[in-house]
Amino acid sequence: MRQSRSDMDSVFGALADPTRRAILARLSQGDATVSELSEPHDMSLAAVSRHIHVLADAGLMSRVREGKTIRCHLNADPLREATNWLAGYQEFWEEKLDALGAFLESEHDE
């Protein structure tokens, strides 16, 4: 399923913050509780919870309540969509870098 523009905006907005990227990196290693996700960050549990809320709203993770604990799980599907969108620009940059390489090589040969 292709994401809408607002979905992509939410994903890129969520990825724009280094704390949220760190949370996703941790979740790529396996599920974690909110407390576990907050441990490496020098901020309140409430602040980490707000980051988790942004990630969940963007569809990048899900939360399940287990008694008093909330367990978080990575959902990488939106990342695949973002990667596919970015890959569309790979050919453009490869052409630019190839042209730069050719220019530098011609300057070196002179």
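**Exercise 1.** Is arginine 80 buried, partly exposed or exposed?

*Solution.* The model is a predicted one. Step 1: the relative accessibility of arginine 80 is 49%. Step 2: buried means under 20% and exposed means over 50%, with partly exposed in between. Step 3: arginine 80 therefore counts as partly exposed.

**Exercise 2.** Find the salt bridges of the structure and describe the residues in them.

*Solution.* Step 1: side chains of opposite charge can pair when their charged atoms come close. Step 2: a search of the whole structure gives two salt bridges. Step 3: one joins arginine 80 to aspartate 77, with 2.8 Å between the closest N and O atoms. Both residues belong to helix H5 and are three residues apart, about one turn of the helix. Aspartate 77, at 44% relative accessible area, is partly exposed. Step 4: arginine 71 and glutamate 66 form a salt bridge, their closest N and O atoms lying 3.3 Å apart. Arginine 71 is partly exposed at 26%, and glutamate 66 is partly exposed at 42%.

**Exercise 3.** Work out where the buried residues of helix H2 lie around its axis.

*Solution.* Step 1: in H2, residues 18-27, the buried residues are Thr19, Arg20, Ile23, Leu24 and Leu27. Step 2: viewed down the axis, these residues fall within an arc of 140 degrees, so they line one face of the helix.

**Exercise 4.** Identify the nonpolar patch on the surface and the helices that contribute to it.

*Solution.* Step 1: the patch consists of Trp85, Leu86, Tyr89, Phe92 and Trp93, with about 570 Å² of accessible area together. Step 2: helices H5 and H6 each give two or more residues to the patch. Step 3: Trp85 and Tyr89 also join Phe12 in a cluster linked by ring pairs.

Notes: Residues are numbered from 1 along each chain as its sequence is written. This is a predicted model: local features need pLDDT of at least 70, side-chain atom pairs count only at pLDDT 80 or more; totals for chains, interfaces and linings use all residues. Side-chain values use heavy atoms; hydrogens and water are left out. Patches are made of residues with over 30% relative accessible area and no salt bridge: like charges are joined within 9 Å, nonpolar side chains (Val, Leu, Ile, Met, Phe, Trp, Tyr) within 5 Å. Accessible areas come from the Shrake-Rupley method with a 1.4 Å probe; for residues, only the protein chains shown count as cover. A salt bridge is a side-chain nitrogen of Lys or Arg within 4 Å of a carboxyl oxygen of Asp or Glu. Helices (H or I, at least four residues) and strands (E, at least two) are DSSP runs, numbered from the N terminus. Buried means under 20% relative accessible area, exposed over 50%, partly exposed in between (1.4 Å probe, protein chains only). The arc is that of the directions from the helix axis to the C-beta atoms. Rings of Phe, Tyr and Trp (its six-membered ring) pair if their centres lie within 6.5 Å; planes under 30 degrees apart count as stacked, over 60 as edge-to-face and the rest as tilted.
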